[in-house]
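The sequence and the structure are shown first.

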Amino acid sequence: MSILLKFEELGQFLLAISLFTNLDYAWWIFPACILLPDLSMLGYLANPKYGAFLYNFFHHKLTAIILFILGTTVNIPILILAGIILFGHAAMDRIFGYGLKFTDSFKHTHLGEIGK
């Protein structure tokens, strides 16, 4: 099942790349922005509960989809880009086993413990 889920996430990551190619941005914008959602980990400097909330907000695919739809609806390219980047980043993270966080520990995710 783990391999099957990783292939599903890979498909979603490739979808993000495909959607990005339809935008009027230089190719290097995608790789330059793909790790930006990880800045949300700075929330852990405050405490694990706030860190998990902030991390999960920026790594939840529904957040990405809402930004993408909003950007498409009101024709704001930067919102479309943000939605695609968040979606692609979340898929990429899940390929590598980084899931949404529980509030007790950064390593405790919905996919299991990181590193096991």
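Is Asn 56 buried or exposed? At 19% relative accessibility, Asn 56 counts as buried, where buried means under 20% relative accessible area, exposed over 50% and partly exposed in between, with a 1.4 Å probe and protein chains only. The model is a predicted one, in which local features need pLDDT of at least 70, side-chain atom pairs count only at pLDDT 80 or more, and totals for chains, interfaces and linings use all residues. Residues are numbered from 1 along each chain as its sequence is written, and side-chain values use heavy atoms, with hydrogens and water left out.

Asn 56 belongs to helix H3; helices (H or I, at least four residues) and strands (E, at least two) are DSSP runs, numbered from the N terminus. Not counting residues up to four places away in sequence, Asn 56 touches Leu 100 and Lys 101, contact being defined as heavy atoms within 4.5 Å. His 59 is also placed in helix H3. With a relative accessibility of 1%, His 59 is buried. Apart from neighbours within four places in sequence, the contacts of His 59 are Pro 37, Asp 38, Ser 40, His 89, Ala 90, Asp 93, Arg 94 and Leu 100.

The loop between H2 and H3 contains Leu 42, which is exposed at a relative accessible area of 53%. Leu 42 and Leu 54 are 12 residues apart along the chain, and their C-alpha atoms are separated by 8.5 Å.

Helix H1 has 20 residues, and its first and last C-alpha atoms lie 29 Å apart, close to the expected 28 Å; the expected span is 1.5 Å times one less than the number of residues. The buried residues of H1 are listed as Glu 9, Gln 12, Phe 13, Ala 16 and Phe 20. Viewed down the axis of H1, these buried residues fall within an arc of 100°, so they line one face of the helix; the arc is that of the directions from the helix axis to the C-beta atoms. An α-helix has 3.6 residues a turn, so residues three or four places apart point the same way. The buried residues of H1 pack against helix H2 (29-33), H4 and H5. On the face turned away from the buried side, H1 carries the exposed residues Ile 3, Leu 4, Phe 7 and Thr 21.

In H5, 15 of the 19 residues are buried, so this helix is largely enclosed by the rest of the structure. The end C-alpha atoms of H5 are 27 Å apart, which agrees with the 27 Å that its 19 residues should span. Asn 75 lies in the loop between helix H4 (61-74) and H5. Although not a glycine, Asn 75 has a positive phi of about 55°, and at 61% relative accessibility Asn 75 is exposed. H5 is followed by Gly 97, whose phi is positive, near 90°.

**Pockets and the cavity**

Rolling a probe the size of a water molecule over the atoms shows where empty space is left. On a 1 Å grid over the protein atoms alone, a cavity is a set of points where a 1.4 Å probe fits but cannot get out, and a pocket is an open set with protein on both sides within 12 Å along at least five of seven lines; lining residues have an atom within 4 Å of a point. Grid points are joined across faces, edges and corners, and a volume is the space filled by probe spheres set on the points. In the classes below, Ala, Val, Leu, Ile, Met, Phe, Trp, Tyr, Cys and Pro count as nonpolar, Asp, Glu, Lys and Arg as charged, and the others, Gly among them, as polar.

| Space | Volume | Lining residues by class |
|---|---|---|
| Largest pocket | about 220 Å³ | 2 nonpolar, 3 polar, 5 charged |
| Second largest pocket | about 150 Å³ | 10 nonpolar, 1 polar, no charged |
| Largest cavity | about 30 Å³ | 4 nonpolar, 2 polar, 2 charged |

Helix H1 (residues 2-21) gives the largest share of the lining of the largest pocket, 5 residues. That lining includes Glu 9, Lys 61, Arg 94 and Gly 97. For the second largest pocket, the largest share, 5 residues, comes from helix H5 (residues 77-95). Among the residues lining the second largest pocket are Cys 33, Pro 37, Phe 58 and Ile 85.

The whole structure has 1 cavity of 30 Å³ or more. Its lining is formed by Tyr 55, His 59, Ala 90, Asp 93, Arg 94, Tyr 98, Gly 99 and Leu 100. Helix H3 (48-59) and H5 each supply at least two of the lining residues, and H5 gives the most, with 3 residues.
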